[in-house]
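Please examine the structure before reading each solution.

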Amino acid sequence: PTIAIIVAALRPSGGIGLNGKMPWRLRKEIRYFKDVTTRTTGTGINAVIMGRRTWESIPSKFRPLPDRVNVVLSRSFKNEMVDNNVIHANSIDKSLEQLQSYGTSIAKQIQRVFIIGGAEIYRELVNDPAVSHLLVTEIDAKEPVEVDTFLGFPLFEGSAVWEKRPQKELQSFIGDIELENDIEEGNFVYNYTLWTRK
Ligand SMILES: NC(=O)C1=CN([C@@H]2O[C@H](COP(=O)(O)OP(=O)(O)OC[C@H]3O[C@@H](n4cnc5c(N)ncnc54)[C@H](OP(=O)(O)O)[C@@H]3O)[C@@H](O)[C@H]2O)C=CC1
Ligand SMILES: CCc1nc(N)nc(N)c1C#CCc1cc(OC)cc(-c2ccc3c(c2)OCO3)c1
């Protein structure tokens, strides 16, 4: 399946978190994240892979993220299918192995896999050749914003590996999900982008 990193990052610093949570709450951005990570064409289902801390930071009423296979990584987990929607894994490889067998076991093929954070997971996976796409919400702040967690790889200041693609390529990747530009919410203005390997 296609494996994509999906992240919302502040420009130019690449800030993504503060005190274990997100430094912002952007209503339309959360909807975009939900729509993009949930949408499939035909049958099948998508998976979201996250680190244990990100799992813990999602408000309990919102987890597991619905209509997606939620994979949570922790070095102290046993590799197991907790239930039909939640898989525990203690390595990235083990998580991808379990997703393979998930497809056959519940006769639902995994269509897309989204790496949804956080910083430690992004750092480890951004260099994995299996990751072919970056879906980056580029956020600009009118007033300075405090962040303490960053994207673990250079992107906005220039990347030797990744290049930003034209909006029409993002549109075809996400299908009939509406793409708005320069969305303004409070102190923030943001845009959705797609990056692929050079
Ligand atoms: N802006 C955005 O788009 C997003 C921002 N965030 C933010 O990121 C921050 C959280 O990121 P971070 O603190 O880095 O934590 P992570 O969410 O990346 O989780 C880290 C934990 O994941 C487990 N883990 C990491 N790598 C592996 C591996 N290779 N195999 C097995 N387990 C592994 C470990 O769990 P253990 O310690 O149990 O072994 C580790 O402590 C928060 O502030 C959150 O709000 C999160 C998602 C999206
Ligand atoms: C939704 C934010 C987001 N945007 C983008 N572009 N990429 C991402 N990887 C994420 C993310 C994430 C994980 C996460 C962290 C979190 O707190 C730290 C809260 C949520 C979350 C919070 C509320 C939700 C929801 C997800 O879906 C529906 O309602 C989701």
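**Exercise 1.** Describe the shell around ligand 1 in this predicted model.

*Solution.* 
Step 1. Ligand 1 is surrounded by 26 residues, and Ala8, Arg52, Thr54, Ser74 and Glu124 are the closest.
Step 2. By class, eleven of these residues are nonpolar, nine polar and six charged.
Step 3. At least two shell residues come from each of E1, strand E2 (15-17), H2, strand E7 (110-117) and helix H4 (119-125). The largest share, five residues, belongs to H4.

**Exercise 2.** Identify polar contacts of ligand 1 and state how much of its area the protein buries.

*Solution.* 
Step 1. An oxygen atom of ligand 1 lies 2.8 Å from a backbone N or O atom of Arg75.
Step 2. A nitrogen atom of ligand 1 is 2.7 Å from a side-chain N or O atom of Glu124, and a nitrogen atom of the ligand is 3.4 Å from a polar backbone atom of Asn90.
Step 3. Ligand 1 alone exposes 930 Å², of which the protein buries 89%. Ligand 1 sits in the largest pocket.

**Exercise 3.** Carry out the analysis for ligand 2.

*Solution.* 
Step 1. Around ligand 2 there are 14 residues, with Ile6, Glu29, Ser57, Ile116 and Tyr122 nearest. The shell holds ten nonpolar, three polar and one charged residues.
Step 2. A nitrogen atom of ligand 2 is 3.0 Å from a polar backbone atom of Ile116. For Tyr122, a side-chain N or O atom is 3.3 Å from a nitrogen atom of ligand 2.
Step 3. The protein buries 90% of the 620 Å² that ligand 2 exposes when taken alone. Ligand 2 sits in the largest pocket.

Note on methods: Residues are numbered from 1 along each chain as its sequence is written. Chains are lettered from A and ligands numbered from 1 in the order in which they are written. This is a predicted model: local features need pLDDT of at least 70, side-chain atom pairs count only at pLDDT 80 or more; totals for chains, interfaces and linings use all residues. Side-chain values use heavy atoms; hydrogens and water are left out. A residue is near a molecule or strand if one of its heavy atoms lies within 4 Å of it. A polar contact is a pair of N or O atoms within 3.5 Å; within protein, one must be able to donate a hydrogen and the other to accept it, and residues adjacent in sequence count only if both atoms are side-chain atoms. Accessible areas come from the Shrake-Rupley method with a 1.4 Å probe; for residues, only the protein chains shown count as cover. On a 1 Å grid over the protein atoms alone, a cavity is a set of points where a 1.4 Å probe fits but cannot get out, and a pocket is an open set with protein on both sides within 12 Å along at least five of seven lines; lining residues have an atom within 4 Å of a point. A molecule sits in a cavity or pocket if more than half of its atoms lie within 2 Å of its grid points. Ala, Val, Leu, Ile, Met, Phe, Trp, Tyr, Cys and Pro count as nonpolar, Asp, Glu, Lys and Arg as charged, and the others, Gly among them, as polar. Helices (H or I, at least four residues) and strands (E, at least two) are DSSP runs, numbered from the N terminus.
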